[in-house]
Amino acid sequence: MKSVTRSLRILEAVAQHQPVTVGELTKLFGLPKSTVQRTLVTLNEAGWLRANRKDTTRWEIGARVLAVRPAALQGSSLFAAAREPMIRLRDQLNETIHLSVPDALHCMVVVDRVDCHHAVRTFHAIGDTSPLHATATGRTVLAHLPPGDVDELVERGLESYSDATLVDPAELRAELKRVRVDGYALNRNQYRPDVCAIAAPVLDEDGTPLASVAVSLPDSRYDESRLPEWGRLVADTATEITNRRLGA
């Protein structure tokens with residue numbers, strides 16, 4: 001139990017001071033450097049922590065923390081701002097609505113969901129993760145990040161999940177430009193087969209993407225002629241969430 005308590009305290013310290021070095025944590029807790037390093041590696045292997053992508057000597061919280069935080073998120077300004085607009089969008093379209101947040105450039109994490117009333121519907125569990133380049137939620141975030149971040153993602157390699165996945169860097173960049181112009185992104189069978197999504201970004205005061213709201217539906221109910229209408233509704237919902245969160 002002592003080692004569990006130590007791990008939790010180190011996790012809390014990383015969340016509070018991130019990105020933080022082993023040396024800084026060693027001074028904070030007065031523990032041997034080897035002990036702190038071993039704890040960090042264990043938490044990293046479990047997905048709770050990860051090395052900072054710009055400075056690998058520093059540590060920060062990982063996707064697992066994001067996956068279990070929806071209960072805590074319910075008290076946040078983002079959750080409070082998003083819930084009612086998501087319900088209204090669900091009622092307008094009768095399709096499932098998801099709210100996802102980025103874990104840096106690693107993935108998108110589903111943090112809230114409003115289900116539709118169809119017997120056949122798409123399903124992403126709270127805490128599910130997905131790649132940025134292959135999803136509508138991810139591309140709405142990428143479209144509003146600095147070009148250097150997109151370059152870094154491309155340099156890692158764009159994994160293919162289906163014949164429709166955008167894996168060509170030039171095509172991806174062209175798509176991100178279109179997303180910025182249109183205000184929404186479309187994913188049609190690019191990540192999961194027979195699943196479509198239309199997403200738009202929730203932005204911070206300075207235009208930084210905080211989250212993405214998306215309508216998700218089976219490909220059998222997708223109607224290309226309605227894409228402009230659906231895209232506008234999703235983009236309007238994202239704008240409303242942004243404004244509600246900022247108190248506008």
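A crossing of two helices is called left-handed if the near helix is turned anticlockwise from the far one by less than a right angle, and right-handed if clockwise. Helices (H or I, at least four residues) and strands (E, at least two) are DSSP runs, numbered from the N terminus.

Before you start, note that this is a predicted model, in which local features need pLDDT of at least 70 and side-chain atom pairs count only at pLDDT 80 or more, while totals for chains, interfaces and linings use all residues. Residues are numbered from 1 along each chain as its sequence is written, and side-chain values use heavy atoms, with hydrogens and water left out.

**Stop 1: α6 and α10.** Select residues 77–93 for helix α6 and 227–246 for helix α10; they pack at an angle of about 155°, with their axes 8 Å apart. Axes here are lines fitted to C-alpha atoms, for helices over the stretch in contact, and angles run from 0 to 180 degrees between N-to-C directions. Angles under 35 degrees count as roughly parallel, over 145 as roughly antiparallel, 65 to 115 as roughly perpendicular and the rest as oblique. α6 and α10 are therefore roughly antiparallel to each other. Look along the pair and you will find that α6 passes α10 in a right-handed crossing. To see the contact (heavy atoms within 4.5 Å), show side chains including L78, M86 and L89 of α6 and W230, L233 and I241 of α10. By class, this contact of α6 with α10 has 12 nonpolar, 3 polar and 5 charged residues. In this count Ala, Val, Leu, Ile, Met, Phe, Trp, Tyr, Cys and Pro are nonpolar, Asp, Glu, Lys and Arg are charged, and the others, Gly among them, are polar.

**Stop 2: α1 and its partners.** Now select α1 (residues 2–17) and α2 (residues 22–29), whose axes come within 11 Å and cross at roughly 120°. That angle makes α1 oblique to α2. Here too, the crossing of α1 past α2 is right-handed. On the α1 side, R9, I10, A13, V14 and H17 meet L25, L28 and F29 in α2.

R6, S7, I10, L11 and V14 of α1 make the contact with T35, V36, T39, L40 and L43 of α3. The residues of this contact of α1 with α3 divide into 6 nonpolar, 3 polar and 1 charged.

**Stop 3: backbone details.** Most residues other than glycine have a negative phi, and most peptide bonds are trans. Zoom to P19, in the loop between α1 and β1 (20–21). The peptide bond from Q18 to P19 is cis, with omega near -10°. Then go to the loop between β7 (185–188) and β8, where N189 lies. N189 has a positive phi of about 60° although it is not a glycine. D194 lies in the loop between β7 and β8, and its phi is near 65°, also a positive value in a residue other than glycine.

**Stop 4: the cavity.** How many cavities of 30 Å³ or more does the structure hold? There is 1. On a 1 Å grid over the protein atoms alone, a cavity is a set of points where a 1.4 Å probe fits but cannot get out, and lining residues have an atom within 4 Å of a point. Grid points are joined across faces, edges and corners, and a volume is the space filled by probe spheres set on the points. About 220 Å³ of space lies in the largest cavity. Select H124, S130, T135, T137 and A197, the closest to its centre of the 18 residues that line it.

Methods:
On a 1 Å grid over the protein atoms alone, a cavity is a set of points where a 1.4 Å probe fits but cannot get out, and a pocket is an open set with protein on both sides within 12 Å along at least five of seven lines; lining residues have an atom within 4 Å of a point.
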